[in-house]
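Subject: Structure handover

Hi,

Here is the structure I promised to pass on. Have a look at it first, and then read my notes below.

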Amino acid sequence: MQDTVIVIPALEPDIKLFHLLDSIRKEETELPILLIDDGSGPTYTEVFEKSRKFVSKFIVHEKNKGKGAALKTAMEYILAELPNIQYMVTIDSDGQHSYNDMMKCIKLAKQYPEALILGTRNFDKEVPFRSKFGNVLTRNVLRLSTGLNIEDTQTGLRVIPRSFMPHLVTVSGDRFEYETNMLIETNKQNRLIFCQPIETIYIAENASSHFRVIADSVSIYGVFIKYLLSSVTSFAVDVLTYAILIRLLAQVNLSSILTASFLARMVSSFFNYYVNKKYVFSRQTKNSFYKYFGLVILQILLSALLIYTGHSLLYIRNTVVFKIVVDSLLFFLSYYIQKNYIFKR
């Protein structure tokens, strides 16, 4: 077990940190523990001083940098100073993770040494609203944007193999969004993710959590929010142009619908491509221009055919309203393709 180190990032902890470390040491005396004070300040000196007797290494961030930054600090230290360590298991300082669950995750990691292991909670039970809401929202956004279906995307109990650490220290994000970015990057690198069910523990309604509901949610869902705003703006231009053209063309048939759809999409897609490349995904990939407009053409054909089918077979007369419905469904498909194929690193 000497090849594994326990990493505990802590911000303004209370006595639960001491109890957590004490409970671990009663069961396990050999596992090294790396404790990181993420800028808690002098008010919390006493808690850390009581806890230091349990840990092998204590690192202090003079200013708060965020949980993601603390995890990167831990990985950098392991890579530089602990050559025998092959796994780091991360647990939260507020007592939400038990020793037994931690050991189950480590055991699973030994079976799959190159995989990322997650200790996942069951949110069907009674849990604080903000914790359940945040996890359910992140889970659904992640599934829509990457195809990953993970029950507990924000779990702090994870086992990370050494071989993955050099890459993970370069992943963007310094706060809670880093944990979500880690999952996305694991998927991109074609590494396996295994979920180990663990006990759902919340103490005092999770009052000690430092998750900032608005600021951290914006960070976690930042790319999707920017994509949504970009798409809404482009969508408005597209629908407005289509409405004008279909009125000018006068007759509603497949030819006029295709013509109006094509011209409207061309106007909005040039704007959308530039915004997505520059501000949403913030990267230029090889042949992204051609891939993007190939997707645009495919969407135009799908949209036009579905609108025509609705008009001719379902007798939908208002094709503008029906276009809004159809293109809203295609919106999620387009996001998935752009993020994972067109603007992929």
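Let me start with the cysteines. The disulfide count is zero, where a disulfide is a pair of cysteine sulfur atoms within 2.5 Å. Cysteine 105 has its closest cysteine sulfur in cysteine 195, and at 9.5 Å that is too far for a bond. Cysteine 195 is likewise in no disulfide, with the sulfur of cysteine 105 as its nearest cysteine sulfur. Buried here means under 20% relative accessible area, exposed means over 50%, and partly exposed is in between (1.4 Å probe, protein chains only).

Before you go further, two notes on how to read this. The model is predicted, so local features need pLDDT of at least 70 and side-chain atom pairs count only at pLDDT 80 or more, although totals for chains, interfaces and linings use all residues. Residues are numbered from 1 along each chain as its sequence is written, and side-chain values use heavy atoms, with hydrogens and water left out.

Now the overall picture. The protein has twelve helices and seven strands; these are DSSP runs numbered from the N terminus, with helices (H or I) of at least four residues and strands (E) of at least two. It has 345 residues, and 51% of them count as buried. Taking the contacts between residues at least 6 apart in sequence, 76% join residues at least 24 apart, a contact being heavy atoms within 4.5 Å.

Next, the salt bridges. In general, side chains of opposite charge can pair when their charged atoms come close. How many salt bridges does a search of the whole structure find? The search finds 13, using the rule that a side-chain nitrogen of Lys or Arg lies within 4 Å of a carboxyl oxygen of Asp or Glu.

- Lysine 110 pairs with aspartate 3, with the closest N and O atoms 3.3 Å apart. This pair links distant parts of the chain, 107 residues apart: lysine 110 is in helix H4 (residues 99-111) and aspartate 3 is in the segment before strand S1 (4-10). Lysine 110 is partly exposed at 33%, and aspartate 3 is partly exposed at 22%.

- Aspartate 22 and lysine 26 form a salt bridge at 3.3 Å, N to O. Both sit in helix H1 (residues 15-27), four residues apart, or about one turn of the helix. Aspartate 22 is partly exposed at 22% relative accessibility, whereas lysine 26 is exposed at 65%.

- Aspartate 238 and lysine 323 meet at 3.1 Å, N to O. This pair also joins distant parts of the chain, with aspartate 238 in helix H9 (residues 222-249) and lysine 323 in helix H12 (residues 319-342), 85 residues apart. Are these two buried or exposed? Aspartate 238 is buried at 2%, and lysine 323 is buried at 1%.

There is also a network: Lys67, Asp92 and Glu179 are joined by salt bridges that share partners.

Threonine 90 is another residue to look up. It lies in strand S4 (residues 87-90) and is buried, with a relative accessible area of 4%. A polar atom of the threonine 90 side chain lies 2.7 Å from the backbone oxygen of glycine 156. Setting aside neighbours within four places in sequence, threonine 90 is in contact with Val7, Leu71, Gly156, Leu157 and Arg158.

Last, the surface. Leu254, Leu258, Ile297, Leu301, Leu305 and Tyr308 form a nonpolar patch with about 470 Å² of accessible area together. The elements giving two or more residues to this patch are helix H10 (254-280) and helix H11 (288-312). H11 supplies the largest share, four residues. Patch residues have over 30% relative accessible area and no salt bridge; nonpolar side chains (Val, Leu, Ile, Met, Phe, Trp, Tyr) are joined within 5 Å, like charges within 9 Å. Leucine 258, in helix H10, is partly exposed at 31% relative accessibility.

Cheers

Key. A polar contact is a pair of N or O atoms within 3.5 Å; within protein, one must be able to donate a hydrogen and the other to accept it, and residues adjacent in sequence count only if both atoms are side-chain atoms. Accessible areas come from the Shrake-Rupley method with a 1.4 Å probe; for residues, only the protein chains shown count as cover.
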